[in-house]
Amino acid sequence: MNGSTQKHALFPIKNVIGFGLSLLLTFVAIALGVSHALAFGPVMMIIMGLAVLQIIVQLFFFMHFTESDGPAYHIIGLAIGIINTIAIIAGTLWIMTFNSQVH
Amino acid sequence: MFEHIRSFASHFFVTGEPMIYASDVAIVLFLVGIIFTLTYLKKWKWLWREWITTVDHKKIGIMYLISALLMMFRGGVDALLMRTQLALPNQTFLDAEHYNQIFTTHGTIMILFMAMPFLFALFNIAVPLQLGARDVAFPFLNSVSFWLFFFGALLFNLSFVIGGSPDAGWTSYPPLTELGFDKGPGENFYLLGIQISGIGSMATGINFLVTILKMRAPGMTLMRLPLFCWSVVASCIIIIFAFPALTVALALLLIDRVADAHFFTMLHGGNPMMFINLFWIWGHPEVYIVVLPAYGIYSEVVSTFSGKKIFGYKTMVISLMIISVVSYFVWAHHYFTMGASAGVNSFFAVASMLIGIPTGVKVFNWLFTMFRGRIQLKLPMLWTLAFIPCFAMGGATGIMLAVAPADYQYHNSYFLIAHFHQTLIGGVAFGLLAGMYYWWPKMFGFSLNERLGRWAFWFFNIGFYVCFMPQYFLGFMGMTRRVYTYSGDTGWTSFNFISSIGAYLMGIGFLFIVVQVLYSIKYGERDLTGDPWNGRTLEWAIASPAPHYNFAHIPEVTERDAWWDMKARGESLIKVNQRMAFKPIHMPKNSGLPFIMAVFFFISGFGFVFNWYWMAALGLLGVGICMIVRSNNRDSEYYIPAEDVEKTEAALGRV
């Protein structure tokens, strides 16, 4: 509502860097997936690592993680986010192992 | 040239089905009727200024409500067509293809284009008023959300007459939905319609979470928040974390279909089960997204119509929060039969049963709130009372389904169909209707006729049990979902026939609601006090319908059930108006941009549906331009002068 009263840099350099970084992380992941340069296991581990970096980029460059002027809601938000992310990623990996049993 | 156009049109428009020709005629007549009426009454400008460009949460709520009721009509007609086809064995009323399209449309519309907007209608209408706020945190975004939902739903519904409807079920499982098996544009309509309205849902989730955390009246601590608002918090948290999974699943499937990728194909390293996994990561939390706000509505209604404060407020809040977290750990119970390991199935079975515990806590709290209360059997309370046994039964059959080994017997049978209709109608639809009746006077300034409402209630409720109880037995007898016909030898005829009668009774119930609304517009009891139910929360402290700025003075909250507490102290907002000078009120300006942006999204979506990429690109370009225009707009707020506020309040008799 009061966006006009807040102080803004003339050029959103932080957002541009963040955008560049998140694109870079995405393309590295795609390249690893498409090129088949490594075996499945290492690719999986590296992509998971990239995903963690991606989360950090999003939090710091776009989601105003370091800014706060009231109760620290984003600590609770982050906690729920981490629980859900782990549930979804770990749950999915666990569920999808059924392939190895079927084969 | 003419031949060319003819062959294009015969593929572009859906042809060959008399019912669809009839609908074509009806749609054209309806549109001509609307255009004529608006032109004749010179209402175009009014429509644009008062509704299309509005950022007022109350008006957006009303638009959501109207859309949801229209969609309920369409989804309901689909249901009746299916029940007509299944009433007797070997019928030819619908062929297999047409039946597939109808059950797909029924499911998708009822959950995504009926339940969701109906909820968002009630979010919009009640939340800011309950908080003592003047609008939501991001009013412009709120309007964007609505128009994205609207054009997403329009795109989906268009498939009915243009291109052909999707026909792979509301869950849209690959590999059936991959290009190899499903060429037509129908599936693309499904993917893009949901994707576009999904952006809107996500924005609504963020918007209302921020609104509740940041826009509460002074003194309204989180533990003084009305329970409906708490349920919206829980629901919004789930929206924010669950919708991305759907977005990803639909986007990957779309990439498969338009760009020949192989995420979910059978060959080239694709894995269709991954779609099912992603779909239910969203899909199960989705049912909590729709049912938690219904719990909130029941809490408000039970407390108001029992004349008591809610029993166990804290346990209500805790159980809402527990549900919103545990709901992420149950999704695999939708595909126990996939063949995952015993460990996986046991984990998700136990988690699914666990979630029944906080729900049970809530049911007991509602019962104890009623205990020794002075219960008024008004319409919202009637629907709430009907909900409890219905949902208890739905919950019990849910526990049966959660037992993984037993689920191998019930999976995708009519037992499942009966179960989820019992939870989604008995839990969600009853709650939505209770909420509609409860807040109707606040929205429109008059109450809905009780007598006609009771007819609707009894027809709908009796119809419900007649329709769905036989389906449990049909499930045990081996009838699977999505069969378009059956032979008389199966012995399913009598139960199916009874079930169809029930469906028609529910249809009559819906017609009574329509009549009730039309009758009450003219003869309904006008609400002059603003507090027709002797309510407890802040929305009842102001006039009905609420003035544009909601609260002339932002109320100070000192207790839970803030308005009840004020009344007990002999205080009212009228007295506050008399005591304190009026001040200018800071409000957001109306804007046509959300509508225009959503139109561009629609154009883009339509382009993708038919693989007309120039059109898709054009649409996206338009979206981008709208965003740039908005980013550079510094003139989006204004002040209502204090004299105008005073005049409005005086006209309402509140000074």
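The following legends describe close-up views of a predicted model.

View 1. Helix α15(B) spans residues 414-444 and bends by about 40° at B:Tyr438. A proline, B:Pro441, follows the bend within four residues. Of the 31 residues in α15(B), 28 are buried, and the helix is thus mostly covered. After the helix comes B:Gly445, which has a positive phi near 85°.

**View 2. Surroundings of B:Thr384.** B:Thr384 belongs to helix α13 of chain B, residues 379-402. Its relative accessible area is 1%, so B:Thr384 counts as buried, the limit being under 20%. Apart from neighbours within four places in sequence, B:Thr384 is in contact with B:Tyr298, B:Val301, B:Val302 and B:Ala434.

View 3. Chain A contains four helices and zero strands. Of its 103 residues, 19% are buried. Chain A exposes about 7400 Å², of which carbon and sulfur atoms supply 77%. A nonpolar surface patch of about 790 Å² is formed by A:Leu10, A:Phe11, A:Ile13, A:Val16, A:Ile17, A:Leu21, A:Leu24 and A:Val28. A:Leu10 is located in the segment before α1 (13-35). With a relative accessible area of 90%, A:Leu10 is exposed. Among contacts in chain A between residues at least 6 apart in sequence, 59% join residues at least 24 apart.

View 4. Over all chains, the structure holds 10 salt bridges. One of them joins B:Asp531 and B:Lys567, whose closest N and O atoms are 2.7 Å apart. B:Asp531 lies in the loop between α17 (493-523) and α18 (562-568), whereas B:Lys567 lies in helix α18, and 36 residues separate the two. B:Asp531 is buried at 14% relative accessibility, while B:Lys567 is partly exposed at 26%. A salt bridge also links B:Arg536 to B:Asp561, with the closest N and O atoms 2.8 Å apart. Both residues lie in the loop between α17 and α18, so this pair ties together parts 25 residues apart in sequence. B:Arg536 and B:Asp561 are both buried.

**View 5. The salt bridge between B:Asp635 and B:Lys589.** In this pair the closest N and O atoms are 2.9 Å apart. B:Asp635 is in the loop between α21 (613-631) and β2 (637-640), and B:Lys589 is in the loop between β1 (585-588) and α20 (593-609), so the pair ties together parts 46 residues apart in sequence. B:Asp635 is partly exposed, at a relative accessible area of 48%. B:Lys589 is likewise partly exposed, at 32%.

Terms used
Residues are numbered from 1 along each chain as its sequence is written. Chains are lettered from A and ligands numbered from 1 in the order in which they are written. This is a predicted model: local features need pLDDT of at least 70, side-chain atom pairs count only at pLDDT 80 or more; totals for chains, interfaces and linings use all residues. Side-chain values use heavy atoms; hydrogens and water are left out. The bend at a residue is the angle between axes fitted to the seven residues ending there and the seven starting there. Buried means under 20% relative accessible area, exposed over 50%, partly exposed in between (1.4 Å probe, protein chains only). Contact means heavy atoms within 4.5 Å. Patches are made of residues with over 30% relative accessible area and no salt bridge: like charges are joined within 9 Å, nonpolar side chains (Val, Leu, Ile, Met, Phe, Trp, Tyr) within 5 Å. Accessible areas come from the Shrake-Rupley method with a 1.4 Å probe; for residues, only the protein chains shown count as cover. A salt bridge is a side-chain nitrogen of Lys or Arg within 4 Å of a carboxyl oxygen of Asp or Glu.
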